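Hi,

Here is the structure I promised to pass on.

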Amino acid sequence: MQSPKLNFSPRGLYIGGRWVASAEDKSFASINPSNMDKLADVPSAGAVDVDAAVRAAKRAFTDWSRLPIKERARCLERLADRIEENADALALIDAVDSGNAIVGMRSDMTWTADWLRYCAGLVTEIKGETFSPGDRHLNFTRRQPFGVVAKINPFNHPFRFCAEKAAAPLAAGNTVVIKGSEQAPLSSFRLGELCEGIFPDGVINIIAGDGLVGAALVRHPDVHRIGFVGSVPTGRNIAQEAAADLKRVSLELGGKNPIVIFPDADPKKAATTAIKGMNMNRQGQSVQLDLARVR
């Protein structure tokens, strides 16, 4: 069966609210893994582009962090609305670009919109603590945003992770630079288009490229918080790089969910349930099944 055609190509890197060509005028091909057809040329960022994206995010941070929390929440709500309005088209982009079944990508869009609304509802819970150590003293803590947050995402949930992983930092008053996966980069740029007219320029910046781009983002002195989803070796490298400047890092690394089936289980039911749990609509990545246990 012929794969559906996409009518989408990135307009450039999304930096400071504008679509710009990469400084080195480099690009790479996004490939449909089902038939190896070329889907689009994707602008590849370099060190200059990383610096431009971080600088844009840093400039936008002051006004965004001072914006009333309800205004920030309203931006997330509006983005959730746009995602729902474009859910089918977004799901198709991710299905064709990443090899995921489209039914799973439709679920991703619902999940993403729900998560954005959840984070929007949490803005009033960004609180510190106040206590009195004595009659003449009142101590309090106040939660402050980090500043520029880098998000480096994998290929298995391309759009969902780009939007979802940025929601909490944005709600808290941070600005973000998002690097989508080079294996499935298209929907991250579609996210940039959906953000236009909602977020102030520079609050969300989207770039693409290989590991060198991610490394430049991690090392940038104005990036204070890093979130990464991917492999254990890359996570180790990021943690080591970030340690030099005591940057805060969140890592979600290649964990799997092995299933152990005990001898008293019904073999057919166990196998059927295990296959369901494999998330076959997620490229079959989620579980490793010991078939010897069900023979």
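**The second largest pocket**

Helix α1 gives the most to the lining of the second largest pocket, with three residues. Helices and strands here are DSSP runs (H or I of at least four residues for helices, E of at least two for strands), numbered from the N terminus. This is a predicted model, where local features need pLDDT of at least 70 and side-chain atom pairs count only at 80 or more, while totals for chains, interfaces and linings use all residues. Residues are numbered from 1 along each chain as its sequence is written, and side-chain values use heavy atoms, with hydrogens and water left out.

Back to the pocket: about 640 Å³ of space lies in it. Of its 24 lining residues, the closest to the centre are Ile126, Arg143, Gln144, Pro145 and Ala172. At least two lining residues each come from α1, α2 (69-85), β7 (148-152), α5 (158-171) and β10 (223-230). By type, the lining has 11 nonpolar, six polar and seven charged residues (Ala, Val, Leu, Ile, Met, Phe, Trp, Tyr, Cys and Pro count as nonpolar, Asp, Glu, Lys and Arg as charged, the others, Gly among them, as polar).

**Phe61**

Phe61 sits in α1 (residues 47-66). Beyond its neighbours within four places in sequence, Phe61 is in contact (heavy atoms within 4.5 Å) with Pro145, Gly147, Gly173, Asn174 and Thr175.

**Two packed helices**

Helix α3 (residues 87-98) packs on helix α6 (residues 186-195) at about 160°, with the axes 9 Å apart. That makes α3 roughly antiparallel to α6 (the term covers angles over 145 degrees). Leu90, Ile93, Asp94 and Asp97 of α3 meet Leu186, Ser187, Arg190 and Leu194 of α6.

**Confidence**

Mean pLDDT (the predictor's confidence in each residue, from 0 to 100) is 90 for the protein chain, and 91% of its residues reach 70 or more. Over residues 287-295, pLDDT stays under 50.

Cheers

Conventions:
Axes fitted to C-alpha atoms, helices over the stretch in contact; angles between N-to-C directions. Parallel < 35°, antiparallel > 145°, perpendicular 65-115°, else oblique. 1 Å grid on protein atoms, 1.4 Å probe; cavity = no way out; pocket = protein on both sides within 12 Å on 5 of 7 lines; lining within 4 Å. Points joined across faces, edges and corners; volume = space filled by probe spheres on them.
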